[in-house]
Amino acid sequence: MKIKKILIGTGVALATGMALYHACVIKKGKDFEASFDKSPGSMDEIVLYGGKMKDYRDQTMQDTKIGAFFGGMQLDFSDVVTEKNAYRMDISIINGGLNIIVPDNFKLKIVDTCKFGGIADHTVCMDPEHAVALSVFADITCGGLNFENAPE
């Protein structure tokens, strides 16, 4: 009888803890999503609890904010049109991952804060004389970020 009460009590405590955890995660996800610009002209991208792929072919590059919350995303900027010589990219990752493909004339400068995660920069700037500077400010918690050039 005593074991039965212990098992029931443990089950109730576990179910209550899981419900509270999921409620907090869902609220945190909504707060995370609210900080992004969702207007039609914005290049801001966010993924929540899933994955997506996006290609920016022939779009004009602009400063952008990118986020992944419990999900992953691949963004292809390899065919963007550049009108300036410098751009800014703010990235937030919480339990997720990003793969970002940039043109071979982009020169990256990465400033990061990584907690249980990391960044890989596999880009090569082919024309340093006429490079477009991309300043990346990344905040990563339990996730990863990869930059690469488009495959030949």
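Helices (H or I, at least four residues) and strands (E, at least two) are taken here as DSSP runs, numbered from the N terminus. The model is a predicted one, in which local features need pLDDT of at least 70 and side-chain atom pairs count only at pLDDT 80 or more, while totals for chains, interfaces and linings use all residues. Residues are numbered from 1 along each chain as its sequence is written, and side-chain values use heavy atoms, with hydrogens and water left out.

The protein chain contains one helix and ten strands. Read from the N terminus, its elements follow the order α-β-β-β-β-β-β-β-β-β-β. The radius of gyration of the protein chain is 20 Å, well over the 15 Å that the globule rule gives for 152 residues, so the chain is more spread out than a compact globule; this radius is taken over C-alpha atoms, and the rule is 2.2 Å times the number of residues to the power 0.38. Along the principal axes, the C-alpha atoms of the protein chain fill a box of roughly 80 × 30 × 25 Å.

Of the 152 residues in the protein chain, 32% are buried, where buried means under 20% relative accessible area, exposed over 50%, and partly exposed in between (1.4 Å probe, protein chains only). Contact means heavy atoms within 4.5 Å. Among contacts in the protein chain between residues at least 6 apart in sequence, those joining residues at least 24 apart make up 64%.

The surface can be described by its area. The protein chain exposes about 9,100 Å², of which carbon and sulfur atoms supply 59%; accessible areas come from the Shrake-Rupley method with a 1.4 Å probe, and for residues only the protein chains shown count as cover.

The cysteines come next. The structure holds zero disulfides, a disulfide being a pair of cysteine sulfur atoms within 2.5 Å. For Cys 142, the closest cysteine sulfur is that of Cys 114, 11 Å away and therefore too far for a bond. Cys 142 has a relative accessible area of 36% and is partly exposed. Cys 125, at 21% relative accessibility, also counts as partly exposed.

Asn 95 lies in the loop between β5 (86-94) and β6 (97-102). Its relative accessibility of 31% makes Asn 95 partly exposed. From C-alpha to C-alpha, Asn 95 and Tyr 49 are 9.5 Å apart in space, although 46 residues apart in sequence.
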